[in-house]
Amino acid sequence: MSDIQRYDFDTRIHHAVKHNGVVYLTGQVGTPRESATQQTFELLNKIDRLLAQAGTDKSKILSAILWLDDLRDFDEVNKVWDAWVDKENAPARSTGQARMAKSGMLVEIIITAAA
């Protein structure tokens, strides 16, 4: 069995776990009450940082799951995503609507990437 590496512990979770050449990120969120655009910029920066800690980058993302508090923010979030994503290596992606854990959170993104 391969070693399990964990990154960025916070209260009760690690924000990234690497095992068998795959990196799993917890749902990343931005600062509540900021716009969907600002929250998306912020959480994509977190994703870049976590992937780098695990020795990989956005070109190796396999899957992305986006949760929006309100699907009316879909186009706003996509503008930020489209400017950020590696278009030559775009991942499989799903988007849904869900009630966020804290009031004012508008976007959450969960990533799985190859190491």
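Contact here means heavy atoms within 4.5 Å. The model is a predicted one, in which local features need pLDDT of at least 70, side-chain atom pairs count only at pLDDT 80 or more, and totals for chains, interfaces and linings use all residues. Numbering starts from 1 along each chain as its sequence is written, and side-chain values use heavy atoms, with hydrogens and water left out.

**View 1. Leu 71 sits in the loop between S5 and H2.** Helices (H or I, at least four residues) and strands (E, at least two) are DSSP runs, numbered from the N terminus. Leaving out residues up to four places away in sequence, Leu 71 touches Thr 95, Gly 96 and Gln 97. Its relative accessibility is 40%, which makes Leu 71 partly exposed (buried is under 20% relative accessible area, exposed over 50%, partly exposed in between, with a 1.4 Å probe and protein chains only). Leu 106 is 35 residues away along the chain, yet its C-alpha is 9.6 Å from that of Leu 71.

**View 2. Helix H2 has its buried residues on one face.** Val 77, Asn 78, Val 80, Trp 81 and Trp 84 are the buried ones.

**View 3. The largest nonpolar core holds 25 residues.** A nonpolar core is a set of buried Ala, Val, Leu, Ile, Met, Phe, Trp, Tyr and Cys residues joined through side-chain atoms within 4.5 Å. Ile 47, Ile 109 and Ile 111 touch the most other members. Two or more residues each come from strand S3 (22-25), H1, strand S5 (61-68), helix H2 (74-84) and strand S7 (107-114), and H1 gives the most, with six. Setting aside neighbours within four places in sequence, Ile 47 is in contact with Leu 25, Gln 28, Trp 84, Ile 109 and Ile 111.

**View 4. The largest pocket has a volume of about 380 Å³.** On a 1 Å grid over the protein atoms alone, a pocket is an open set of points where a 1.4 Å probe fits, with protein on both sides within 12 Å along at least five of seven lines; lining residues have an atom within 4 Å of a point. Grid points are joined across faces, edges and corners, and the volume is the space filled by probe spheres set on the points. There are 17 lining residues, and Asp 10, Ile 13, His 15, Gly 27 and Val 29 lie nearest the centre. H1 gives the most to the lining, with three residues. By class, the lining has five nonpolar, five polar and seven charged residues (Ala, Val, Leu, Ile, Met, Phe, Trp, Tyr, Cys and Pro count as nonpolar, Asp, Glu, Lys and Arg as charged, and the others, Gly among them, as polar).

View 5. Asn 20 is exposed at 53% relative accessible area, and Arg 33 is exposed at 64%.

Technical notes
Arc of directions from axis to C-beta.
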